[in-house]
Amino acid sequence: MDSDDALHSDALRILQEYIVRNDADLVFYYASVKPDFSATARKLPFRDGEVMSIASHEELRRILSTTFQMNSVCTKVFRRELAEIERDYSSVRHISEGEDLMFSLPLMDRAERIVFCDHVLYYYRTNLASISNTFKPALFRSMRDTLRIQRSYAEKWDPTGELARKCDANGLINFYNVAVKITRSSHPMKKKREYLLEMVTDPDFLRDYSYIDQMNKRKVKYALVLAKNKCFVPLYLFGALKQRQ
């Protein structure tokens with residue numbers, strides 16, 4: 001747990017019931033950004049108490065490998081032996097966006113009995129000054145490498161390549177978020193241009209950009225087209241307008 005977050009007062013009792021009743025390897029549940037633990041806006045398409053595994057559940061595979069909806073470690077309880085406690089994590093030390101996903105994917109992959117608990121048990125206190133809400137120069141590389149890890153599981157779970165293609169299409173949204181954070185940062189224009197150039201010339205971005213026609217959100221598509229064509233001045237204006245909204 002983060003030091004400024006909280007578990008529901010009944011969380012451990014409820015989770016024990018789900019673990020014992022289902023002989024669960026891993027149980028996942030909801031988090032809320034409200035201190036009263038009120039329901040989250042985004043619901044997952046699973047039944048309360050549903051037992052599943054990566055091998056048996058197509059929708060679980062899709063959500064894990066093409067979205068960030070289930071990345072948080074704080075919404076999971078799992079058998080200790082599932083975690084790579086002794087792993088050398090030095091190669092991914094630079095990842096600050098998606099580190100939870102990097103840790104969660106192996107857990108979900110190894111667990112044979114995954115159970116969904118339809119309860120809000122965790123309060124996630126939002127903090128605009130937190131690491132997830134600030135811009136860092138290495139943000140693009142962090143996001144890119146997170147998406148590479150996610151894509152590797154998509155390839156593992158679906159040899160046809162369909163999940164990997166969906167993962168690539170979803171990656172565009174994440175690169176858009178990086179671009180917006182760059183434009184809204186306090187760095188000089190020269191540095192912003194440097195960071196944007198690194199992103200739009202990277203092979204991973206260019207591969208994902210091939211799915212631009214599948215982008216339904218006009219504002220996102222417009223910003224990505226500006227970035228790809230190195231039209232950075234209007235992109236800065238776009239970021240400034242978005243900041244005012």
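This is a predicted model: local features need pLDDT of at least 70, side-chain atom pairs count only at pLDDT 80 or more; totals for chains, interfaces and linings use all residues.

**Entry 1: salt bridges**

I began with Asp145, which forms a salt bridge with Arg144, the closest N and O atoms being 3.0 Å apart. I counted a salt bridge when a side-chain nitrogen of Lys or Arg lies within 4 Å of a carboxyl oxygen of Asp or Glu. Residues are numbered from 1 along each chain as its sequence is written, and side-chain values use heavy atoms, with hydrogens and water left out.

Are Asp145 and Arg144 buried or exposed? Asp145 counts as buried because its relative accessibility is 14%, and Arg144 is buried at 13%. My cut-offs are under 20% relative accessible area for buried, over 50% for exposed, and partly exposed in between (1.4 Å probe, protein chains only).

Asp145 also meets Arg148 in a salt bridge (3.6 Å, N to O). Both lie in helix H4, three residues apart, about one turn of the helix. Helices (H or I, at least four residues) and strands (E, at least two) are DSSP runs, numbered from the N terminus. Arg148 is partly exposed, at 40% relative accessibility. I then found a network of salt bridges that includes Arg144, Asp145, Arg148, Arg151 and Glu155.

Next I looked up Asp25, which forms a salt bridge with Arg79 at 2.7 Å between the closest N and O atoms. The pair links distant parts of the chain, 54 residues apart: Asp25 is in the loop between H1 and E2, and Arg79 in the loop between strand E4 (76-78) and H3. Asp25 is buried at 14%, whereas Arg79 is partly exposed at 29%.

**Entry 2: the largest core**

Which residues touch the most other members of the largest nonpolar core? Of its 32 residues, they are Phe28, Phe46, Leu60, Leu64, Met70, Met108 and Ile114. By a nonpolar core I mean buried Ala, Val, Leu, Ile, Met, Phe, Trp, Tyr and Cys residues joined through side-chain atoms within 4.5 Å. H3 gives the largest share of this core, five residues.

I checked Met108 too: leaving aside neighbours within four places in sequence, its contacts (heavy atoms within 4.5 Å) include Leu26, Ile54, Leu60 and Lys76.

**Entry 3: Phe232**

Last, I turned to Phe232 in helix H9 (residues 232-244). Phe232 counts as buried because its relative accessibility is 3%.
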